[in-house]
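Let's take a walk through this structure together. Have the sequence and the model open side by side as you read.

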Amino acid sequence: MKSKKVVLNFVKTLFRFMFLAGLSVIIVYPFFYSLSVALRDVQDLYDPLVILVPRHFTLDNIRNVMERMDYGRSLLGSFFRDGVSCLLQIASCSLTGYGLARFNFKGKKIISALMFAIIIVPPQTYVIPNYIEFRYFNPFGFSSLVSLISGNDININLIDSNLAFFLPAVLGLGIRSGIIIFMFRQFFRGMPKELEEAAYIDGLSFFRTYYRIMLPNSKASLVTSFLLSFVWYWNDYVYTSSLMPRAKTVMNQLSILFNNISYIMQYEQNSNPYEGILLLQSGVLLSIIPVLILYLVFQRQFTQSIERSGIVG
Amino acid sequence: MNRNLQAKKSRAGFLFCIPFLIGIFLFFLKPALTSIIYAFSVLTFTPEGLETTFVGFRNFRQALFVDPTYVRTIVESVRDMVLRVPVLLMLSLFVAVILNQKFKGRLFFRAVFFLPVIVVNGIIMEILQSDFLSSRIMAGDAGSSLFATVDSSEMLLSIGFSPDLIEVLIPFAHSIFNLAWSSGVPILMFLAALQTVPEALYEVARIEGATGWEQFWKITFPSISPMILMNTIYILADYFTTSTNPVIKLINQQTGNMRFEYAAGLSWMYFIVVGAIVALVLIFIDKHVVYTVE
């Protein structure tokens, strides 16, 4: 009886390990591929014996791409723009999500419907009108009013300004904000109601209850959404290419590099396609590494915060 | 007294949503309305900007009856979705449940499974696909040394699987890379939800003599059902709006050709299809979701 249990346990552990390890190899392989290609010399690409471990190590590709992408400044630009946007987005989306999760009011159904609408309408649908919106920024006719009163033509152009990212974020319309609001709504709805009732009895206002009781008790969802939001901003292409086409951000520089190299490979007679691969993979590596490091640094806190929240409830 | 609180609560709920309402007007409804107007017009570029001339349903008619690829692409993409959503949901729930268990190395595996969340992005995918060395790996091509699936169909046949079943299974084997990379966010959300299930419930169940299987269906599954809905919507939206989706590619191509009005028409019709599917899913699943309140 007991030995049967031991065998069963062993088989279970073995299967679990095989399943996880198998999928892990699939997930991790492209990273190793990028790393391996980025560190190679061109001659290694012709060598059929080289599969993952390069024979001639070199940092030339990386150095070359760092210069082309203006890496230092792009990195700073990315962290500033995406970090601020992400914090603003979390603040506004958790607020809306809480409102939708815990209160009944007129028009709630409409707001929920709008939330689903922004989840499923692809941003490509309104890229052009959105560009015009920011190129001639005129919220509720405000700019027109000011120019009417002052007599000067006031034309606010937010293209290539960080505000084109911050403003939608603070108003809950940042990148994939619908998903984040929905996530908060589902998280708050799943939390025990006794928490708030105790707070109301103690005389806390609605906003303070949200800020002092609900938010600290939903660390798992906060950390999860923070990570997702930051990464979605970091990886964004649709909004950056239309609203901040000249932005010094890592992903934007990578896409510019990609376009340049594709162009060269297509139209220049004596270009070497292998060199393009080396540069592009180095670019991929350089644009992944910052988020990867960030993730590895916060990984412990991240998983722990998920664990800790399990105690509450 | 109670009615007073109720009125206060409903006002507070509205106040919580005010920033979002301003935002949605400025950055969604207004541009979306403009885009709908585009869809019904012909655009001409003048020195003053874009000029729209109303032409009725011309753009839509062209997409539906003249364009040879549009309808076919949508139908194919919906068909893929029907297969993909259940598989992704089950895979990610399965992985999340495993990663939630206590065993050695789980932190390592968690880190690995969240990796795709960090790097999934249009440009990197495009670069990996355009690179003829790595594209074979991404497509699960038989030629790649690592994931050779060419013999697996013959192997399954000789074991005695029916050819019909193999025809369903093999595409999944080929797209295992894609599935593994798309499951990052759902796994993450399932895991966060699993962690919030109170341990006390399981203890009680164990004392009452419930098996692990029963515990899963009677405790775990209802507790995380809000996240099942959430993940279904996420997977749907992610699949339909990602830049590698064939319909989105078609729309981007038209935008690239400066045919904004046609691209707008294409995407609004696409939105109606996607919206109908999401609405159906919402109505169907939300009935079965267990919320702790209400």
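This is a predicted model: local features need pLDDT of at least 70, side-chain atom pairs count only at pLDDT 80 or more; totals for chains, interfaces and linings use all residues.

Chain B is built from 16 helices and two strands. Of its 294 residues, 31% count as buried. If you take the contacts in chain B with a separation of 6 or more, 66% of them are between residues 24 or more positions apart.

Now turn to where the two chains meet. Here 81 residues of chain B are in contact with 76 residues of chain A. On the chain B side, helix α2 (residues 18-39) supplies the largest share, 13 residues. Sorted by class, that side of chain B has 59 nonpolar, 17 polar and five charged residues.

Next, find helix α15 of chain B, residues 246-256. Its buried residues are B:V247, B:I248, B:L250, B:I251, B:Q254 and B:T255. Viewed down the axis of α15(B), these residues fall within an arc of 155°, so they line one face of the helix. What do the buried residues of α15(B) pack against? Their partners are α4, α14 and α16 of chain B, together with α6 of chain A. Just after α15(B), B:M258 has a positive phi of about 65°.

Finally, look at helix α14 of chain A, residues 250-267. Its 18 residues reach 26 Å from the first C-alpha to the last, close to the 26 Å expected at 1.5 Å a residue. Buried residues in α14(A) include A:V250, A:M251, A:L254, A:F258 and A:I261.

Conventions: Residues are numbered from 1 along each chain as its sequence is written. Chains are lettered from A and ligands numbered from 1 in the order in which they are written. Two residues are in contact if their C-beta atoms, placed from the backbone, lie within 7 Å. Helices (H or I, at least four residues) and strands (E, at least two) are DSSP runs, numbered from the N terminus. Ala, Val, Leu, Ile, Met, Phe, Trp, Tyr, Cys and Pro count as nonpolar, Asp, Glu, Lys and Arg as charged, and the others, Gly among them, as polar. The expected span of a helix is 1.5 Å times one less than its number of residues. A residue is buried if 20 or more other C-beta atoms lie within 10 Å of its own, exposed if 12 or fewer, and partly exposed in between; C-beta atoms are placed from the backbone. The arc is that of the directions from the helix axis to the C-beta atoms.
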